[in-house]
Amino acid sequence: MIVEINPSPALEPLLDLLRRRVKAGATADEFNLITRAIELINERRPIFKDDEQHVYYIGADEPSRAPYRVTLNSCTCPRGNERICKHRLLVAALEGKTLHTEGFEYARRKKIVKQEETLQLA
């Protein structure tokens, strides 16, 4: 059965994670990832849980798109290929689990840095 859930219980664990990571020297990408997960709660995106399928559905960034299908290990959002995305981080907080964000860097940034290093070597 699919039911709409209140994401508010995830707010405190995400804020706690943000505090701990900032004190430990979080990277800009890591900070952005955590704050974007918090923004999902503040934006009041619709969030549904399917207990039978063990999956969450989170409203997409654009209202015309289908909701993202999210588990702890996968997400159908455009950043679903990253090690972690804001939707998976939110689901982890809702499930009472912690995903490690230490050293998180967006894949696109790694690609840009590698291109810049290649240009400097040439």
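Two strands pair if DSSP finds at least two bridges between them. The legends below concern a predicted model.

**View 1. Strands S3 and S4 form an antiparallel pair.** Strand S3 covers residues 55–58. Three bridges join S3 to S4. Look for Ile58: Tyr68 in S4 stands opposite.

**View 2. Four strands make an open sheet.** Their order is S1-S2-S3-S4. The pairing is antiparallel. Which strands stand at the edges? They are S1 (2–4) and S4 (68–70). Each has a single partner strand, so one side of each is left without a neighbour in the sheet. The strands are also turned against their neighbours, by 25° on average, direction ignored.

**View 3. Helix H3 lies across strands of the sheet.**

**View 4. Helices H1 and H3 pack together.** Two numbers describe such a pair: the angle between the axes and the distance between the axes. H1 spans residues 11–23, and H3 spans residues 86–95. Their packing angle is about 115°. Their axes are 8 Å apart. The crossing is right-handed.

**View 5. Residues from both helices make the H1 and H3 contact.** H1 brings Pro13, Leu14 and Leu17. H3 brings Leu89, Leu90 and Ala93. What classes of residue are found in this contact? Six are nonpolar, with no polar and no charged residues.

Terms used. Residues are numbered from 1 along each chain as its sequence is written. This is a predicted model: local features need pLDDT of at least 70, side-chain atom pairs count only at pLDDT 80 or more; totals for chains, interfaces and linings use all residues. Side-chain values use heavy atoms; hydrogens and water are left out. Axes are lines fitted to C-alpha atoms, for helices over the stretch in contact, and angles run from 0 to 180 degrees between N-to-C directions. Helices (H or I, at least four residues) and strands (E, at least two) are DSSP runs, numbered from the N terminus. A crossing is left-handed if the near helix is turned anticlockwise from the far one by less than a right angle, and right-handed if clockwise. Contact means heavy atoms within 4.5 Å. Ala, Val, Leu, Ile, Met, Phe, Trp, Tyr, Cys and Pro count as nonpolar, Asp, Glu, Lys and Arg as charged, and the others, Gly among them, as polar.
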